[in-house]
Amino acid sequence: MNVFGFKISPSSAIDMDKVDRARFEELCRVEPDAVRCMACGSCSATCPASAFSGMSIRKVLLMLQRGKEKDAFRMMRNCMLCGKCTMVCPRGINTRHLILSICRIYDDKEGKQ
Amino acid sequence: MREIYLSGYNNFVLPFMLGMLFVLTWCIVGAVRIILQLPHQDRKAFFLSLVNPKIMARNIRDWFCDCLFHVKLWKRNKMLGYMHSSIAFGWFMIIVIGHIEVFLYTPERVHQIWYPIFFRYFVAVTDSTMKGSFFFFLMDFFLLMILSGIILAIIKRVRSRMFGMRRTTRASITDLIGLYSLWSIFPLRLLAEGFTADISGGSFLTKSLNWVLHSFLSDQMNMLPTWWAYSIALGVFMCILPFSRYMHIPAEILLIPLRNAGIHVSHARKGFAKLQVYSCPGCGVCIDACPMGTVKSNIKDTTVYLNRQIKRYNEKRIEEISDKCLLCGKCTAVCPVGVEGDKMRIAQRSIRKYNISPDYSNIDINQGNLSKNIFVSTSNNVVSKNKNERVIYFAGCMTALTPSISKSMTQILEKCGIDYSFMDKDGGICCGRPMWMAGRFDQAKQMIEKNTEIITKSGADILLLSCPICYKIFKERYRLEGIEILHHTEYIERLVKEGILTLEKSGSSYVFHDPCELGRGCGIYDQPRKVISGLGNLVEASQNGKESICCGGSLGSLTLGFDKRKTMTENALHNLTIADPDVIVTACPLCRSTFNRYSDRPVKDIAEIVEEQYRKRVNI
């Protein structure tokens with residue numbers, strides 16, 4: 001693929017044709033709320049785990065949608081399930097259950113001990 | 001007494017004997033399996049408890065009070081208590097007296113186990129019974145007691161409100177077979193003994209029935225069919241018992257000593273958990289107690305149905321039920337048997353498989369502000385200066401969303417001149433309780449380790465918490481040697497008692513909402529009430545203390561969405577505002593923000609009202 005510009009940093013372009021969306025679609029089936037997120041960032045602002053792994057359920061959803069699963073898992077590894085994101089979500093998304101569903105549907109092969 | 005039949009046997013005892021052997025085998029095999037499934041140290045604790053006279057005395061008291069007299073149901077509702085205890089105690093006494101009769105009058109028949117049950121068929125009355133004035137009278141008296149209980153049970157099927165129950169359990173098919181056979185046992189016994197009362201003797205009930213029966217049924221041949229029917233009813237009941245809710249009768253006998261030995265649920269399905277499932281009598285007291293009951297579709301998600309689905313191995317429903325629960329623990333608090341609905345659900349969650357497991361080993365507690373605890377004291381308060389105790393204040397995640405609580409609390413600490421450090425002022429690590437409630441124990445333990453390290457390193461004497469959710473796990477799972485763990489309600493009450501903090505009565509009226517984790521979870525009911533009564537007029541909600549209603553915001557529920565909780569919160573608010581208080585006071589940041597959303601009057605944390613009142617006084 002031709003990428004416009006200089007090649008100082010690696011390209012962040014994503015080829016959506018190569019992204020396997022099967023798992024994300026499964027997630028959406030189990031958690032219809034996954035697509036209701038309007039990316040306001042309230043969850044990112046309150047998350048206590050963001051200080052350690054940059055966790056933000058908003059970003060996780062975006063990354064999973066774009067097939068950047070590894071980055072999403074790295075963030076999720078520090079989620080403490082404290083529920084602050086659920087409390088502040090203006091869309092009323094049950095983020096805790098969403099996170100648990102992600103943990104069940106996706107498979108983090110590298111993160112396993 | 002004189003025996004009529006040389007063999008002491010008739011074919012009609014067969015159905016009873018069959019049922020008896022079946023149920024005995026089932027129970028013995030089950031009990032052995034459950035004891036074998038217990039973890040090694042639990043099994044050891046159980047056997048040791050059996051030789052401990054103190055625990056044994058408690059076992060005997062509980063067997064009588066819970067299994068026979070149903071004391072907890074008496075406390076709930078007199079009619080309900082009488083109904084259950086009349087059947088249980090009456091039946092027990094009939095069995096006991098039946099055995100005494102055999103032992104006294106026909107001691108050579110003791111080894112025939114059907115003999116005490118069908119005693120009156122096999123014997124003829126002689127002078128030795130004092131005309132039936134003692135044992136026969138007692139037998140008839142207890143039979144009458146059981147019959148009255150059964151009449152009440154029949155009434156309860158249609159008018160449960162008379163027994164203080166709005167909703168009752170929907171009986172399954174095996175429950176119904178058990179129920180009808182149980183109901184028929186005693187009228188059939190009365191009939192059978194009525195037919196034979198002129199030969200075997202009887203008392204006020206059986207003798208009178210005998211006269212009535214003989215006035216129009218002179219044929220002695222009616223006798224045998226009624227004894228057959230009685231025996232068949234017993235046999236059917238005992239054969240269906242292991243598959244119906246009546247399994248609680250034998251299961252509870254084992255549950256009591258295991259509980260008194262201090263054994264807890266350690267596996268979702270095996271050992272103690274299995275025993276709890278079988279001990280559930282399906283009475284349905286938990287249905288009315290459940291805060292989710294405000295939405296009718298949630299009724300099938302109460303503890304009694306969880307136990308039923310676990311018995312049926314219906315994994316899909318088990319997951320639904322255990323994930324939906326708010327874990328408020330009210331079903332556990334009201335359960336007459338002691339089934340721990342909340343712990344059972346956490347155990348069900350814990351056996352779930354996840355492919356991604358959080359891991360906190362990358363968190364370095366020495367980095368950033370995580371463990372920079374510097375104790376500061378700002379006031380010149382002489383009393384507290386002498387105390388020389390250092391308080392580490394952990395507000396918790398939920399308090400971070402209601403900063404007015406932590407602000408008030410730090411203000412109080414400053415005004416009292418306490419040496420304190422605000423541990424998670426700039427964010428910290430979660431206490432682990434939400435993770436624990438989701439059943440992911442290993443992850444929760446990692447967080448516990450991190451926090452323990454930070455707290456022990458700080459050199460504090462007291463760990464002060466504002467959130468009951470944190471408080472519960474700190475009390476239960478943290479090992480903080482030499483550090484006292486206090487919730488801020490306790491700490492404020494202590495400051496008042498020691499004279500460091502003074503309260504002044506105002507004209508406002510307050511109602512206190514007992515947060516689930518603080519009240520039922522940790523048993524703190526009096527301290528907040530003492531503080532509030534020092535501030536103003538304390539009124540009570542219609543259901544409070546152990547039976548307080550969950551605000552609906554609980555982190556315990558994994559699946560309940562935001563919109564589905566509204567009716568629960570409104571119901572809890574209605575319960576709180578019965579006495580029309582000016583302010584709703586609570587001691588949990590989560591309850592506070594949940595109530596605040598729908599309340600028509602101010603909702604405050606106990607720290608806020610104490611601080612507010614203090615500030616007003618200083619300004620004047």
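From the N terminus on, the elements of chain A run α-α-α-α-α-α-α. Chain A thus named has 7 helices and 0 strands (DSSP runs, H or I of at least four residues for helices and E of at least two for strands, numbered from the N terminus). The model is predicted, and local features need pLDDT of at least 70, side-chain atom pairs count only at pLDDT 80 or more, and totals for chains, interfaces and linings use all residues. Residues are numbered from 1 along each chain as its sequence is written, and chains are lettered from A and ligands numbered from 1 in the order in which they are written.

The C-alpha trace of chain A spans about 45 × 35 × 30 Å along its principal axes. Of its 113 residues, 43% count as buried (20 or more other C-beta atoms within 10 Å of the residue's own, C-beta atoms being placed from the backbone).

Chain A also meets chain B. In this interface, 28 residues of chain A are in contact with 25 residues of chain B (C-beta atoms, placed from the backbone, within 7 Å). Helices H3 (50-53), H5 (69-76), H6 (84-88) and H7 (95-105) of chain A each give two or more residues to the side that touches chain B. H7(A) gives the most, with 6 residues.

In chain B, helix H11 (residues 248-260) and helix H12 (residues 272-279) pack with their axes 8 Å apart, at an angle of about 140° (axes are lines fitted to C-alpha atoms over the stretch in contact; angles run from 0 to 180 degrees between N-to-C directions). Residues meeting across this pair include B:Leu255 in H11(B) and B:Phe272 in H12(B).

Definitions and conventions
Two residues are in contact if their C-beta atoms, placed from the backbone, lie within 7 Å. A residue is buried if 20 or more other C-beta atoms lie within 10 Å of its own, exposed if 12 or fewer, and partly exposed in between; C-beta atoms are placed from the backbone.
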